[in-house]
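Please open the structure in a viewer and follow the selections below in order.

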Amino acid sequence: MFWKKILLVLSLLTLMSDLWSQDLHFTYFEMSPMTFNPAQTGSFNGTIRLNGHFRGQWLGTGGYKTPAFSIDSPVIKGLRKYDWVGAGISFFNDDAGSGNLVTSGGGLNVAYHFGFDKNYSRVFTVGIKYGSHSRKLNSGFNLTLRDELISGAPGPDAALIPQPSGANGDVQGRSNSDYAIGFLYKAIPNKTTNYEIGLAADHLTSPRTSILAGAGPTGGGMIGGVDCTMDPMNPICRQGQMEDQDRRNIRFTTHANMTRQVNDKVSFSPGAMMQFTRAGLEMQAHGILGYKLDEKKGTIVNAGLGFRAIGPADLQLFLGAEMKDLKIGAAFDLGVLGFQTAPGFQSAFEIAATYIINIHKKPDVEPVIFCPRF
């Protein structure tokens, strides 16, 4: 009864949310763990982990293209016997539609893992990320922001762009520091089941994201040849005030995954994620079946279905395969509610891959001399 009440409350919150989150979101989020929670850094069996992820959406109307990449490793032992420290770097680049607005960022991730037994059946992790992000308008952009302060077309509006631009016509915004913290609990209660639960908070300092150059406070002196004391409503003079409104909201993320081995061939992996900021709420859940084709080669094929609720709704399709240390996956978002009247190709797709490198240390065996008895 308790869980039914929780699900009812979450469903009502989803239906009440009509805003899209301003942040990244991936359908196959397990394939890009460090994007959402720095506590995932170094949380795997192996030496080095490489993750690559690409999402494409609304390609018929300018499109959104989002590649992401990360590399991490468990680097040193911790203070206690079964503890260890993981470190890694992550990067993303989000090209938003026909306006050619690009948001990019990356960071250094460090996580401390508390192991509670020699089998690592229970591990609690705290992770942090320090990085930066920036925004820019690529050359040839067709975008109007803040009452036509910025326009890609030639004309009088173009003279109102005080931010630096390169020789190719790009308009570059400032780069800002960004911080995140995350928590993760992993457990293996028995031989057939493992699960994890995580919580993270990103953009802790709510950094600015505006591409408008800093023009100082409203009404202050000469800016760009304009006397803001005499003309405080001039667009150039108002930019300092506008910048304060363009801050990246703190993003809270909760996620959970479980894998249960049904029998020698079949496994079932349900997963769920919820993200929310001041601007919106996103929830998604899915279930993926795995079938082992070859025991010796470790070949597994995966397929499943999911559902995302974020104002409009998406039905999700998952496909993938695993072979020893390599895992590949694909996901498709099929708009079922809220997108029917939109033009162009509305669905989204993702492709992702994870590869774990294992470097085995050669044992240093001391020679033993046997003395024969006579």
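**Whole chain**

Among contacts (heavy atoms within 4.5 Å) with a separation of 6 or more, 59% join residues 24 or more positions apart. The model is predicted, so local features need pLDDT of at least 70 and side-chain atom pairs pLDDT 80 or more, while totals for chains, interfaces and linings use all residues. Residues are numbered from 1 along each chain as its sequence is written, and side-chain values use heavy atoms, without hydrogens and water.

**Nonpolar patch**

Select Leu-305, Phe-307, Leu-315, Leu-317, Leu-319, Phe-332 and Leu-334, which make a nonpolar surface patch of about 570 Å². Areas follow the Shrake-Rupley method with a 1.4 Å probe. Two or more residues come from each of β13 (299-309), β14 (313-323) and β15 (326-337); β14 gives the largest share, three.

**Tyrosine pair**

Next, select Tyr-130 and Tyr-179. Their ring centres lie 5.2 Å apart with planes at 50°, so the pair is tilted (centres within 6.5 Å; under 30 degrees stacked, over 60 edge-to-face, the rest tilted). Tyr-130 sits in β5 (residues 122-137) and Tyr-179 in β6 (residues 171-190), 49 residues apart. Tyr-130 is partly exposed at 46% relative accessibility (buried is under 20%, exposed over 50%, partly exposed in between).

Key: Patch = residues over 30% accessible without salt bridge, like charges linked within 9 Å, V, L, I, M, F, W, Y side chains within 5 Å. Salt bridge = Lys/Arg side-chain N within 4 Å of Asp/Glu carboxyl O. Helix = DSSP H or I, 4+ residues; strand = E, 2+ residues; numbered from the N terminus. Phe/Tyr/Trp six-rings, centres within 6.5 Å; stacked < 30°, edge-to-face > 60°. Buried < 20%, exposed > 50% of the residue type's maximum accessible area, 1.4 Å probe, protein only.
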